[in-house]
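User: I'm new to this one, so please walk me through a single part of it and what sits around it.

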Amino acid sequence: MAAFRKIILSGLPSDSHTWNLIFLQLFLEEKGYSVHNLGACVPTRELLGAIVEERPVLVVISSINGHGFDEALSLIQAIKTSRLSAISPVAIGGKLSTRSGDESAIAARLMRAGFAGVFLGTNSIDAFDEYLTRKIVASPARTQAA
Amino acid sequence: MSRSGRFHRYLESVPQNALIVQPRMGFSDIRQMRAGLVAVRDFKGWRVGTMTIDSLTRQRKFAESMKAVAENRTLNGYPIVAHGSQATRRLLKGVANDDFPVQVRHGSPQPQEIFESSAAAGIDAIEGGPVSYCLPYGRVALKASVSAWARAVSFWAEDHRGEEGHRHIESFAGCMLGQMCPPSLLVALSVLEGLFFFQYGCASISLSLSQGTNTEQDIGALVALRRLATERLRGVSWHLVFYTWMGVFPRTVDGARAIIGDSARIAKIGGARRLVVKTAAEAFNIPTKEENVQALGWASAAAKNVGTLKPPPAAMEHAEQIYREASRLIDATADLDSSIAPALIKGFQRGYLDLPFCIHADNRNRARGYLDPCSGTIEWETTGNLPISLKMPRRPTTKLTSSSFLTSLNFNRTRYDGGYYGRF
């Protein structure tokens, strides 16, 4: 049973952008995580299935098309309803609204809804990096199920 | 070919040395969409109009787009299926005519309803492609996209009596993912999608290419694309369309104006007839009609000032290499089957076609490009199973990391916002 630190990386169901996901994959791999990049336009069902099967230390959602806020809320509700937030914390980042200046209000709403970390606006990558160090590195590595 | 359509006739009426400019405009509200088209129509210069379709319609979520229309919610484009062809026809009445053709732009891997709705509204120009609107977006299987596109293109090519005549279709393949792809693959895919359209009956075609990160390489790519189209698309009436940079866009007005101006000059020198233009608002939000018209003005003015420059020698060297590589990619793919549709699918299965940084399940993602930080050209780092050999593999001096990747993605923004570009 090998110790591993897996992260599932995913876009929101109706966001087709992938450059953000490719960047994050490189970023997380450099930090020693094994990354399963589910790609763009991921149906919620598929993401839930992957969490159950792979039990990652973290789920990272990235969306940059500026229309992700509502979908992010439905997604975290679905994860909570399936009791999967107990398995893996879920972090989200990118650009979730087309109106600038909305970031702190949106972040607060999403944190209340159940996200473990919300990273928007400038310096969001640094904040995410710090979050990883603080929350994820500090937690014990999971052991792989047979 | 019998009577040709409005878009095609307009293209033929424009002087050969003029660059036609076109925005990427799309509004969900009918009145706003009409006002946008009117603003483009009234632009003083050679131009065509655009209706860009929203992302719900692209993904065939028609119930959701209809609900959004009923609730008067703003979408990121014109929901042509939800509004219906009669409403679209009324919208275009008195706006679109023989001197102002309108193209529908969408991004759908399964476009049948969009094609039908556009045709029923009297629109005779559309774009996309079985590969270019599948691999970069979403999760529809390449096989499903290829068969959906075969059906849609056959429908589009049907002779429809009593109306405008032959319809036009553009391949978006030269713009795949917008950045970080060596141009030979983009050129090859453009020609292959052109062949696909022709095989399913369309004979009025345009082939695309988007602005990259080095001027000479871009001009060379256009020259190579023109040479290959001349050789391979016999019996087709075709032209080239160039796109202003589609990657991370400059934030400053000066930077945006400079990159838009460069795209117009490259298009002109490289022999493109049409330019799809971005705007100064691109880095921030969906541009207004005024911002669109402003950008058309910048592009038109830049193109006019070019005169009749010939491609510089450095561009012709790029053209030669791009032509050689693209020819091999096309031949290796076309040899896989007597019909182009299965050849495209087999080509991706075997990795003879392989789009760098594309994480779609039907793309191998073994071939990889890199941006040379000195010249800005995009080169092959590894070619995976592509049927091209690198004579002198020019490997990047540093390994691909998240930060070097980010620097590459931001290359044009940094360059143009910082003023690090020369007029040519």
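What volume does the second largest pocket have?

Analyst: First, a word on the model: it is predicted, so local features need pLDDT of at least 70 and side-chain atom pairs count only at pLDDT 80 or more, while totals for chains, interfaces and linings use all residues. Residues are numbered from 1 along each chain as its sequence is written, chains are lettered from A and ligands numbered from 1 in the order written, and side-chain values use heavy atoms, without hydrogens or water.

The second largest pocket comes to about 750 Å³ (on a 1 Å grid over the protein atoms alone, an open set of points where a 1.4 Å probe fits, with protein on both sides within 12 Å along at least five of seven lines; lining residues have an atom within 4 Å of a point). That volume is the space filled by probe spheres set on the points, which are joined across faces, edges and corners.

Its lining has 25 residues, and the closest to the centre are His67(A), Asp70(A), Arg73(B), Thr74(B) and Leu75(B). Two or more lining residues come from each of helix H3 (69-81) and helix H4 (103-113) of chain A, and from each of helix H3 (55-58) and helix H4 (62-70) of chain B (helices are DSSP runs of H or I, at least four residues, numbered from the N terminus). H3(A) gives the largest share, 4 residues. By class, the lining splits into 6 nonpolar, 10 polar and 9 charged residues (Asp, Glu, Lys and Arg are charged; Ala, Val, Leu, Ile, Met, Phe, Trp, Tyr, Cys and Pro are nonpolar; the others, Gly among them, are polar).

Now for how the chains meet. In contact (heavy atoms within 4.5 Å) are 21 residues of chain A and 19 residues of chain B. The area buried between them is about 1,700 Å², with 62% from carbon and sulfur atoms (accessible area, 1.4 Å probe, lost on being put together, summed over both). In chain A, Trp19(A), Phe23(A) and Leu26(A) lose the most area to chain B, together 38% of what that side buries.

The interface also has 1 salt bridge (a side-chain nitrogen of Lys or Arg within 4 Å of a carboxyl oxygen of Asp or Glu). Arg139(B) and Glu46(A) form a salt bridge, their closest N and O atoms lying 2.5 Å apart. On the side of chain A that touches chain B, helix H1 (residues 19-30) supplies the largest share, 7 residues. That side of chain A counts 12 nonpolar, 6 polar and 3 charged residues.

Note on methods: Buried area = accessible area lost by both parts, 1.4 Å probe.
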